[in-house]
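Welcome, and please take a moment to look over the model shown here.

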Amino acid sequence: MNQSILDRVASIEPSVIETRRDFYRYPELSNREERTAAVIAKRLEQLGMEVRTGVALHGVIGILRGPGDRVIAARSNMDALPVDDVLKVPYRSTVDGVKHACGHDAEAAILLGVAEVLAGMRDELAGTIVFVFQPAEEGPPEGEEGGAALMIKEGLLDDDPEIQEILALHMMPTLDVGTIGYSVGPVLASNDNFDARIIGQQTHAAFPHTGVDSILMSSYVVQELQFMVARDFDAVDSLVVSLGVIRGGNRWNIIPEEVLIEGTVRTLSPDIRREIPSILDERIGSIVSARGGRHEFRYHHVNPVTVNHPRLARA
């Protein structure tokens, strides 16, 4: 690598670390990244870039125009997660119930560092670089638009300058510091979620035969979904169905009328992603109806499979 680039990187390392810790101190949830966006926009403006704010609510775009016709984008995330911070560090989260648990603080700080290095080499560039800071990667709140889909809808890929290639990174705690991993082709699974209401008939726990047990039906559903993945799909077809929420009842001696199950589906197969909503709906429905209950099912397509462009990945 060009030694001048390495020297520039070394000189800004302390400020990148401090920027990351600043973002960590003040995390913001999806579609609420106001402070984070303001910090990013100010830094890009100080670097002499053309800056666009308010993209997909709180997204920020920085344009570094250099000589040449090529247009490459570099992208990072911005949002945090609704998770309690249990780390005992000086820069721990100052926001109750919110923390950067997925590394978006580091990604945004790294991309700002890249922007600073390359802004100092503007005349050496072979084209224009568009720095994309995307909000709501974790998914916008229910009932709201956001994230990459809204940025594209608002014209990110069609605006001047028209982006030809996009490069991005994501933090991976399983890799040692200083190591970059890459893959040609599919690299990250699709990320969808679903919810199912298992509806029975409420009754007193002493007389279960007079009702329809939603909790017992739900237990069969949980087992069936894991049985389905293990035995009905080829082992080479990457598929994960995980449940994150099971909620039902409010008293120990009452069998509740309904139980809510929420989960996520991850796969590297676009075909499975298309088929899985109807499969889940049918499996859950058959179990519940066999025991005299009914169900309501919703499936939410969130993010498709991330497929790296072979030429870019190899480069």
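Let us begin with a group of rings: Phe 194, Phe 297 and Tyr 299 form one aromatic cluster. Rings of Phe, Tyr and Trp (its six-membered ring) pair if their centres lie within 6.5 Å, with planes under 30 degrees apart counted as stacked, over 60 as edge-to-face and the rest as tilted. The structure holds three aromatic pairs. In one of them, the ring centres of Tyr 24 and Tyr 91 are 5.7 Å apart and the planes stand at 80°, so this pair is edge-to-face. Because Tyr 24 lies in helix 1 and Tyr 91 in the loop between strand 3 (70–77) and helix 3, the pair ties together parts that are 67 residues apart in sequence. Helices (H or I, at least four residues) and strands (E, at least two) are DSSP runs, numbered from the N terminus.

A word on the model itself: it is predicted, so local features need pLDDT of at least 70 and side-chain atom pairs count only at pLDDT 80 or more, while totals for chains, interfaces and linings use all residues. Residues are numbered from 1 along each chain as its sequence is written, and side-chain values use heavy atoms, leaving out hydrogens and water.

Next, the nonpolar cores. Such a core is a set of buried Ala, Val, Leu, Ile, Met, Phe, Trp, Tyr and Cys residues joined through side-chain atoms within 4.5 Å. Buried means under 20% relative accessible area, exposed over 50% and partly exposed in between (1.4 Å probe, protein chains only). The largest nonpolar core has 24 residues, and those with the most contacts inside it include Ile 40, Phe 131 and Phe 133. Among the elements that give two or more residues to this core are helix 1 (3–25), helix 2 (34–46) and helix 3 (104–119). Helix 3 gives the most, with seven residues. Ile 40 touches Phe 23, Val 60, Met 78, Ala 108, Leu 112 and Phe 133, not counting residues up to four places away in sequence; contact here means heavy atoms within 4.5 Å. A second, separate core of 23 residues includes Val 221, Val 241, Ile 276 and Phe 297.

Finally, visit Thr 267, found in strand 11 (residues 258–267). Is Thr 267 buried or exposed? At 1% relative accessibility, Thr 267 counts as buried. Its neighbours by contact include Ala 189, Leu 239, Arg 273 and Val 305.
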